[in-house]
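Okay, thanks for coming, everyone.

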Amino acid sequence: MQPPAPHAPRTRPEWIGQSLRFGLVAPLVFGVDWGVLTLLAKAGVPPLAGRLLSLSASVCVGFLANRFFTFRAAGRPNWPEFRRYVLAAALGMAVNYGMFALIHRAGAPNAAAIAGGMGAAAVVTFTRFRAIFAR
């Protein structure tokens with residue numbers, strides 16, 4: 001009698017690891033977004049206007065973190081890639097900002113409104129960013 005044939009190791013689809021790493025980047029991006037918004041609010045900038053600036057800062061941090069950590073893109077970052085990322089992020093920001101405004105106007109604190117906006121935009125941005133950084 002022969003021993004059983006060894007089973008091939010199971011491999012998981014690449015997107016699973018990417019989505020887990022994407023989830024790890026989210027708190028960093030949230031922190032930048034919330035931190036900038038908080039500083040601007042202390043300087044007297046209204047939350048809905050300040051959010052436009054805080055989102056912009058978080059996009060720059062997100063680009064680097066997603067490129068190098070989430071999707072592990074090869075090569076050096078370049079402007080065409082960054083422009084595509086910004087366009088995809090703009091779509092996500094529109095979703096994010098709209099949800100933020102709804103939650104904020106309902107009376108929720110800024111942190112809750114930011115989290116709601118980020119959650120709504122996550123699905124949109126993950127699929128677009130994944131396409132941009134595909135090897």
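So, by class, how many nonpolar, polar and charged residues does the lining of the largest pocket have? It has 13 nonpolar, six polar and one charged.

Quick housekeeping. This is a predicted model, so to speak of local features we need pLDDT of at least 70, and side-chain atom pairs count only at pLDDT 80 or more, while totals for chains, interfaces and linings use all residues. Numbering runs from 1 along each chain as its sequence is written, and side-chain values use heavy atoms, with hydrogens and water left out.

Back to the pocket. Its space comes to about 330 Å³. Points are joined across faces, edges and corners, and the volume is the space filled by probe spheres set on them. There are 20 lining residues, and Val29, Asn96, Met118, Thr125 and Phe129 lie nearest the centre. Helix 1, helix 2 (47-70), helix 3 (79-105) and helix 4 (110-132) each give at least two residues to that lining. Helices here are DSSP runs of H or I, at least four residues, numbered from the N terminus.

Now the helices themselves. Helix 1 has 29 residues and reaches 42 Å from first C-alpha to last, close to the 42 Å expected at 1.5 Å a residue; the expected span is 1.5 Å times one less than the number of residues. After helix 1 comes Gly44, with a positive phi near 95°.

Helix 2 is followed by Arg72, in the loop between helix 2 and helix 3. Arg72 has a positive phi, near 50°, and isn't a glycine. Most residues other than glycine have a negative phi.

On to what's inside. Buried residues of helix 1 include Gly17, Arg21, Phe22 and Asp33, and the buried set packs against helix 2, helix 3 and helix 4. Take Gln18, in helix 1 (residues 14-42). Gln18 is buried at 5% relative accessible area, and touches Thr70, Phe71, Phe126 and Arg130, leaving out residues up to four places away in sequence. Contact means heavy atoms within 4.5 Å. Gln18 and Phe69 are 51 residues apart along the chain, with 8.8 Å between their C-alpha atoms.

In helix 3, the buried residues include Glu81, Gly92 and Asn96, and the buried residues there pack against helix 1, helix 2 and helix 4. Ala90 of helix 3 is partly exposed, at 35%.

Last bit, the cores. A nonpolar core is a set of buried Ala, Val, Leu, Ile, Met, Phe, Trp, Tyr and Cys residues joined through side-chain atoms within 4.5 Å. The largest has 13 residues, and Phe63, Phe71, Tyr85, Ala89, Phe129, Ile132 and Phe133 touch the most other members. Helix 2, helix 3 and helix 4 each supply at least two residues of this core, with the largest share, four, coming from helix 3. A second, separate core has eight residues, including Leu37, Ala65, Phe100 and Ala113. As for Ile132, setting aside neighbours within four places in sequence, its contacts are Glu81, Arg84, Tyr85 and Ala88.

That's my tour, over to you.

How values were computed: Buried means under 20% relative accessible area, exposed over 50%, partly exposed in between (1.4 Å probe, protein chains only). On a 1 Å grid over the protein atoms alone, a cavity is a set of points where a 1.4 Å probe fits but cannot get out, and a pocket is an open set with protein on both sides within 12 Å along at least five of seven lines; lining residues have an atom within 4 Å of a point. Ala, Val, Leu, Ile, Met, Phe, Trp, Tyr, Cys and Pro count as nonpolar, Asp, Glu, Lys and Arg as charged, and the others, Gly among them, as polar.
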